[in-house]
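Colleague: Hi! I'm new to this one, could you walk me through it?
Modeller: Happy to, let's bring it up first.

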Amino acid sequence: MERTKGRKVVKDKEVGDGDLCWWLVHKGIAASFLCIAVFALLVRVAISLHPYSGAGNPPKYGDFEAQRHWMEITLNLPVKEWYRNSTTNNISYWGLDYPPLTAYQSYFHGLFLRFFHPESVSLFSSRGHESYLGKLLMRWTVLSSDALVFFPAVFYFVLAYHSGRSNGHKTHIAWHIAMILLSPCLMLIDHGHFQYNCISLGLTVGAVAAVLSNKELVACFLFSLALNHKQQVFHCGLLQMTAYFAPAFFSHLLGKSLRRRNPALEVLKLGLVVLGTFALVWWPYLHSMEAFSRVLSRLAPFERGIYEDYVANFWCTTSVLVKWKSIFTIQSLKLLSLGATVSTCLPSMVQQIWAPSNHGFLYGLLNSAFSFYMFSFQVHEKSILLPLLPASLLALEEPFLLKWITLYALFSMFPLLCRDKLILPYIAVSALFVLIYYVPSGRQDRKEMRSFNSFFTICLVSCSVVLHIVYLTMHPPHRYPFLFDAMIMLLCFSQFMLLAFYTNAKQWMLMKRSVLLDKEKKLH
């Protein structure tokens with residue numbers, strides 16, 4: 001596909017700017033999006049009325065206090081002191097350990113809090129601040145982040161993805177929008193537990209939409225911002241943040257560049273945008289190697305070990321049999337996780353370099369995120385949000401995949417949400433998701449994996465329900481206090497592995513289809 005100025009190119013069909021406006025009005029997509037967005041915001045408000053991570057639990061509280069403390073630090077200290085351990089910034093108390101873009105976000109949100117309630121972000125005296133107004137303002141910062149970043153990014157994706165599809169009916173598009181905006185896991189973590197994943201994921205969705213619209217430079221800029229907002233994992237000292245998606249972006253854009261008239265120039269332009277964006281974000285810390293190294297050292301969570309809690313990934317699940325932390329050193333585990341992550345990413349990357357396509361790119365995002373979630377260093381339960389994002393973008397093609405990964409992603413976070421006392425919103429948003437999923441005529445088709453529509457599915461669902469009840473009503477044996485957590489982890493891991501195998505196979509099947517289409521074109 002050639003780049004066309006002032007046009008969107010999706011699925012090899014061109015849609016001019018004037019046609020796009022007609023499409024929005026004629027299909028009623030703008031009105032549908034607005035209605036769903038308002039409803040999604042109301043659901044988020046309802047969730048935010050419940051407790052958050054570490055509520056009333058001194059001395060360190062939880063993620064809510066961490067985010068508030070970062071606002072306190074960034075507001076009251078100069079930018080060069082944000083990552084430095086000092087008498088005014090004790091990094092053992094929720095020290096800033098996210099990339100600079102998160103720090104800038106904390107600063108601007110802190111300005112908002114200081115304007116209405118200065119006591120909530122005053123240096124030292126605000127630690128553990130939990131006044132009603134302070135909590136209300138903190139909740140509003142997440143809601144505004146959703147409304148200003150994630151929602152517009154989803155709208156951009158809907159335009160890029162659907163405007164060139166001849167079979168895009170209004171009900172299908174509305175259902176797709178609802179599946180993305182009403183993702184139960186994202187809502188529970190951001191508006192219940194309390195985080196700002198909507199910003200990094202919103203920037204990523206915007207970058208995906210830019211790729212689908214053939215705006216590669218915009219995609220590089222947005223994805224570079226996403227990388228600089230929230231880190232997820234590190235390997236051998238190399239910075240890896242929202243890099244769960246980096247292999248997919250890299251391989252797809254490289255594959256497209258290699259098919260252009262001047263590949264070297266195309267790659268150079270993309271590289272310059274990435275380097276320029278990183279330089280802009282990191283500018284305050286580029287004046288000396290010491291300052292730069294200090295920030296990097298704060299971002300590396302090696303001391304926490306290869307996994308935290310009972311996360312449903314390879315290392316934690318297999319630790320039941322292989323005591324990775326006891327047998328191997330941290331350095332050895334870093335190398336093992338790096339090798340496993342890269343090797344499982346490679347097939348997906350090769351496919352996109354060889355035969356890049358928009359459809360394959362979306363599968364590549366999912367497969368890359370699965371590889372990082374399963375095998376990378378220092379994975380948390382909340383990291384499942386990353387594979388969930390491309391699964392929701394693929395909802396029309398893979399409705400069953402979205403349903404299955406969402407339900408088991410929710411289940412994998414159930415112990416965490418129980419600790420946060422978010423059981424009621426957990427049940428409510430799970431029910432809402434199932435209800436919307438089965439809306440009549442909502443999906444383009446109701447194709448399901450026939451192998452799952454069987455006794456096997458019923459057994460899995462029954463086990464999940466029983467485990468929910470057992471976890472809430474029974475106490476584990478004193479000898480095995482985390483027995484129920486381990487059982488949930490094992491069940492969820494098995495489902496994530498099955499889905500990862502399926503999506504990798506599906507991506508390679510797309511290449512076979514493209515080869516057949518090329519042969520047909522040559523024959524004609």
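Modeller: One term to start with: a salt bridge is a side-chain nitrogen of Lys or Arg within 4 Å of a carboxyl oxygen of Asp or Glu.
Modeller: This is a predicted model, where local features need pLDDT of at least 70, side-chain atom pairs count only at pLDDT 80 or more, and totals for chains, interfaces and linings use all residues. Residues are numbered from 1 along each chain as its sequence is written, and side-chain values use heavy atoms, with hydrogens and water left out.

Colleague: Thanks! Which residues are linked in a network of salt bridges?
Modeller: Glu216, Lys256, Arg260, Glu266 and Lys269 are joined in such a network. Within it, the side chains of glutamate 266 and arginine 260 meet at 3.5 Å, N to O.

Colleague: Are glutamate 266 and arginine 260 buried or exposed?
Modeller: Both of them are buried. Buried means under 20% relative accessible area, exposed means over 50%, and partly exposed is in between, using a 1.4 Å probe and protein chains only.

Colleague: How many salt bridges are there in the whole structure?
Modeller: The search finds 12. One of interest is the salt bridge between aspartate 63 and lysine 382, at 3.9 Å from N to O. Aspartate 63 lies in helix α3 and lysine 382 in the loop between α16 (358-375) and α17 (385-393), so this pair ties together parts that are 319 residues apart in sequence. Helices here are DSSP runs (H or I, at least four residues), as strands are (E, at least two), numbered from the N terminus.

Colleague: And how accessible is aspartate 63?
Modeller: Aspartate 63 has a relative accessible area of 16%, so it is buried. Lysine 382 counts as buried too, at 12%.

Colleague: What does lysine 506 pair with?
Modeller: Lysine 506 forms a salt bridge with glutamate 398, and their closest N and O atoms are 2.5 Å apart. That pair links distant parts of the chain, with lysine 506 in helix α22 (residues 483-523) and glutamate 398 in the loop between α17 and α18 (399-412), 108 residues apart. Lysine 506 is buried at 15%, and glutamate 398 is buried at 5%.

Colleague: Switching topic: at what angle do α3 and α5 pack?
Modeller: Helix α3 (residues 63-76) and helix α5 (residues 132-162) pack at about 90°, with their axes 12 Å apart. The axes are lines fitted to C-alpha atoms, for helices over the stretch in contact, and angles run from 0 to 180 degrees between N-to-C directions.

Colleague: Which residues meet there?
Modeller: Phe64, Gln67, Arg68 and Met71 in α3 meet Lys135, Met138 and Thr141 in α5, where contact means heavy atoms within 4.5 Å.

Colleague: What about the largest nonpolar core?
Modeller: That core has 152 residues, and Phe150, Leu181 and Phe496 touch the most other members. A nonpolar core is a set of buried Ala, Val, Leu, Ile, Met, Phe, Trp, Tyr and Cys residues joined through side-chain atoms within 4.5 Å.

Colleague: What is phenylalanine 150 in contact with?
Modeller: Leaving aside neighbours within four places in sequence, its contacts include Ile180, Leu181, Leu201 and Leu389.

Colleague: Where is leucine 201?
Modeller: Leucine 201 sits in helix α8 (residues 197-212) and is buried, with a relative accessible area of 4%. Its C-alpha atom is separated by 7.9 Å from that of leucine 386, 185 residues apart along the chain.
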